Amino acid sequence: MNAERHPPLQHLRPALPVPPWPRQRPQVSFIVCTRDRLAVLEACVDSIRAACRAHPAFAAELVVVDNGSRDGTAEYLSATAATSDIALTAICEPQPGLAAARNAGLARARGRVLVFVDDDCRLDRGYLVDLERHYASGERWLIRGGRVDIGDARDLPFTVKRCDKRERLTPAVHPGGFVLGCNMTMHREVATRIGPFDERFGAGGALRSAEDTDYLVRAMLAGMAVEYVPDMTIFHHHGRRDRVAIDQLHRDYHFGNGALCLKHLRRAPWLLRHFYWAARAATRELVGGQRFDQELSLSHWPIVAMNLAGAAKFMALVLTGRSQRQARPSKEATDARAEAGVR
């Protein structure tokens, strides 16, 4: 991994007074990024606190990154932090974009194991029991993701991962969706070695999505495993109940994947095979071949078109000199990283 391509974690401006950190480093840090979704955030935070109460021996903290909310999120977090039965740190990251928010969370989190959870997800009550069991194996250099199920039966079955078999990612499988960013875990040392998320990717970024998939590819290129386990369950309350919303998300995912393919073309040429297979499947659709998703009737053609568009956008960013945002960390960021042990 070329470390020089990945900038230092950017400046952080705490939105609220940070409660005193416990002297003992927590075993796990939950990192939740949010923007103007207070209704779902409250349920997410409640589920994390409930999971921690169910397994109090596994010391945990919660880091919530407010990415510019204007819906009362800051006030809610202030009140919750004052009464929370687990350490809750709320910070503000004004730079828009999920990848920027994830990087802010990385800089502040102190746990030995880091868990990324989306704000529209809720943890199964036994989540920490599963997490502790898997990480007790002693294997350190991997990214591990768990099961993602639908939280509301009215939502369409998209952005879920329900496989019942434990498996590891290989170049024969496209990394997109193998481990979902809404339920992604790793040792602190893994994040330190891989570096920050690429802020060109992800919701709110120029490339719309795939900041989590880019992280998986970078892990593989660094010689690390990527593993899916059929427990460590979260429930995704994404709220998408019509085809228009699903179609747009389908396109955004593959826009990011196209950019990803071009970014890693030299070191991960196997990503090109997946584009070829998508193009071949799209051609077969014209003569009655299977669609990409039979249940939702999603076609391969948007995959091909958006892959090409995403690659073109990535090339435009490179040609215009827009690499990952290079920002000098503020004193707050430097202090947080030193306290957390991120070097």
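Select F116, F197 and Y215: together they form one aromatic cluster. The model is predicted, so local features need pLDDT of at least 70 and side-chain atom pairs count only at pLDDT 80 or more, while totals for chains, interfaces and linings use all residues. Numbering runs from 1 along each chain as its sequence is written, and side-chain values use heavy atoms, with hydrogens and water left out.

Now widen the view. The whole structure holds five aromatic pairs (rings of Phe, Tyr and Trp, the latter by its six-membered ring, with centres within 6.5 Å; planes under 30 degrees apart are stacked, over 60 edge-to-face, the rest tilted). Zoom in on F197 and Y215. Their ring centres are 4.2 Å apart and their planes meet at 20 degrees, so this pair is stacked. F197 sits in the loop between α5 (188-194) and α6 (211-221), and Y215 in helix α6, so the pair ties together parts 18 residues apart in sequence. Helices are DSSP runs of H or I, at least four residues, numbered from the N terminus.

Check burial next (buried is under 20% relative accessible area, exposed over 50%, partly exposed in between; 1.4 Å probe, protein chains only). F197 is buried at 1%. Y215 is buried at 0%.

Go to F201 and F314. This pair is tilted, with 6.5 Å centre to centre and 35 degrees between planes. F201 is in the loop between α5 and α6, F314 in helix α9 (residues 301-319), 113 residues apart. F201 is buried at 1%, and F314 is buried at 8%.

Finish with charges over rings (NZ of Lys or CZ of Arg within 6 Å of the ring centre and within 35 degrees of the ring normal). R144 lies over the face of Y135, 4.6 Å from the ring centre. K161 lies over the face of Y228, at 4.8 Å.

Conventions. Helices (H or I, at least four residues) and strands (E, at least two) are DSSP runs, numbered from the N terminus.
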